[in-house]
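Me: I would like to learn how to read a few features of a protein model. Could you walk me through them?

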Amino acid sequence: MKRLSLFGYGKTTRAIADKLGPATFYDDKIVIPHKDESGNLLMPPSMFDPSRSDLEIPSPGFPPNHPLIEKARNLISEYDLFLSKKGEDFIRHRAPYTIWISGTNGKTTTTRMVTHLLAHRGAICGGNIGTPLAQMSPKAPIWVLETSSFTLHYTRFAKPDLYLLLPITPDHLSWHGGAEEYAADKLKPLRSMQEGEAILLPEAFKDTPTDGFKIPYDSPEKLARYFGIDIEKVNFEGVFLLDALLALGVSKILFDEIDYEKINSFTLDPHRQEKIIDRHGRIWINDSKATNIDATIQALPPWEKRKIHLILGGDDKGVDLNPLFEALKSYDVTIYAIGQNAEKIVSLGEKHDIKTNICKTLARAIEDIDAHHTDQSVALLSPAAASLDQFSSYAARGDLFKELISSF
């Protein structure tokens, strides 16, 4: 019997163990070996013996410099297990047609839009969007997978049948080791794609070597022209327009369909440029899902004619925030700094001559904004940082934002 080792006792690895039967987990939080309620053996990392393991699979966000990764001899990803021959000793089912969607911002929205358009064809979605591959139905003909850079980093054998790459801007640099390494992981699937397999990718990467068929884009207008889409019939604006056009492009490639009614019936997720008007008629924008600087920069243009009260801060993951502050110079903005990098934000505000208040907490930031916010200004939670320094998730951060506003 093949011996499976799982690194990290997380959602993805637990789902694998649930599907395949009891497995052995190695996790930094485990001190004394024991079994969980499902019969899985939980071990401290120091007890991992690579000679007694036939296959090792990490949780997607498991750090690449961890001693377990360095010791592993048969390391593959969740995608390799379910979507390549390497996992056939464990998973015996025919792999579905797969659409991988990656990039820095917009992955979840685009994944849900593609699934929405192709649901009548039997498409289901999973991956980084919240459903591990182990929990997806093998009977579904199409899997639409939101694909993180973490997963791509560890994937060695699996490849998409169609790859949709959204724009790439610096993110997770402390994890990947730098901007070049981050982009390289995002572009990794191109190496193994074959003739006739479509790749939608930003114009900046049009020269990346691949045997697949590249469809580069640099604007919504270019995408619309390429696919013959009437952009005036698509009821989305800003960053969501690009997401919608890419989703329609996938539908056009696979089934020669452009369904305007279907795409326009799609409902956007909360926490991404979500507009709230309080009882005083003031505008608040919940953009808690903006966990990197590019997402925050994208959130600003609709409000260029208003005074902007901008809440920034959290775990910036080692990214240089100077480009964000350069972009902010084009706006009438006051910054309210929260989270673990609040002091860093204040220093950058001084450097770039942008008024910045240190608040530390979201509640204090909203209290300070309330004293200056009018019906001619806009208050924007677009933190350009992850939330885990103070919250359980970006959704929890956004929910608190809305809860606090509701008291006004």
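**Helices, sheet and cavity**

Reply: Gladly! Keep in mind that this model is predicted. Let us begin with a helix pair: α14 passes α15 in a right-handed crossing. By class, that makes 6 nonpolar residues, 1 charged and no polar ones.

Me: What angle do α14 and α15 pack at, and how far apart are their axes?

Reply: In general, two packed helices are described by the angle between their axes and the distance between the axes. Here, α14 (residues 362–370) and α15 (residues 394–405) pack at about 35°, with axes 10 Å apart.

Me: Now the sheet. In what order do the 6 strands run?

Reply: Strands of a sheet pair through backbone hydrogen bonds, either parallel or antiparallel. This open sheet has mixed pairing and the order β12-β13-β17-β14-β15-β16. Its edge strands are β12 (274–277) and β16 (356–360), each pairing on one side only. On average, neighbouring strands are turned by 20° against each other, direction ignored.

Me: How many bridges join β14 to β17?

Reply: There are 5, and the two strands run parallel. Ile308, for one, has Val378 in β17 as its bridge partner. Helix α13 (residues 342–351) lies across β14, β15 and β16, running at about 175° to β16.

Me: Which residues line the largest cavity?

Reply: Rolling a probe the size of a water molecule over the atoms shows where empty space is left. The largest cavity holds about 40 Å³ of space, and is lined by Pro58, Pro60, Ser77, Glu78, Thr151 and Tyr154. That lining has 3 nonpolar, 2 polar and 1 charged residues.

Notes
Residues are numbered from 1 along each chain as its sequence is written. This is a predicted model: local features need pLDDT of at least 70, side-chain atom pairs count only at pLDDT 80 or more; totals for chains, interfaces and linings use all residues. Side-chain values use heavy atoms; hydrogens and water are left out. Axes are lines fitted to C-alpha atoms, for helices over the stretch in contact, and angles run from 0 to 180 degrees between N-to-C directions. Helices (H or I, at least four residues) and strands (E, at least two) are DSSP runs, numbered from the N terminus. A crossing is left-handed if the near helix is turned anticlockwise from the far one by less than a right angle, and right-handed if clockwise. Ala, Val, Leu, Ile, Met, Phe, Trp, Tyr, Cys and Pro count as nonpolar, Asp, Glu, Lys and Arg as charged, and the others, Gly among them, as polar. On a 1 Å grid over the protein atoms alone, a cavity is a set of points where a 1.4 Å probe fits but cannot get out, and a pocket is an open set with protein on both sides within 12 Å along at least five of seven lines; lining residues have an atom within 4 Å of a point. Grid points are joined across faces, edges and corners, and a volume is the space filled by probe spheres set on the points. Two strands pair if DSSP finds at least two bridges between them. Contact means heavy atoms within 4.5 Å.
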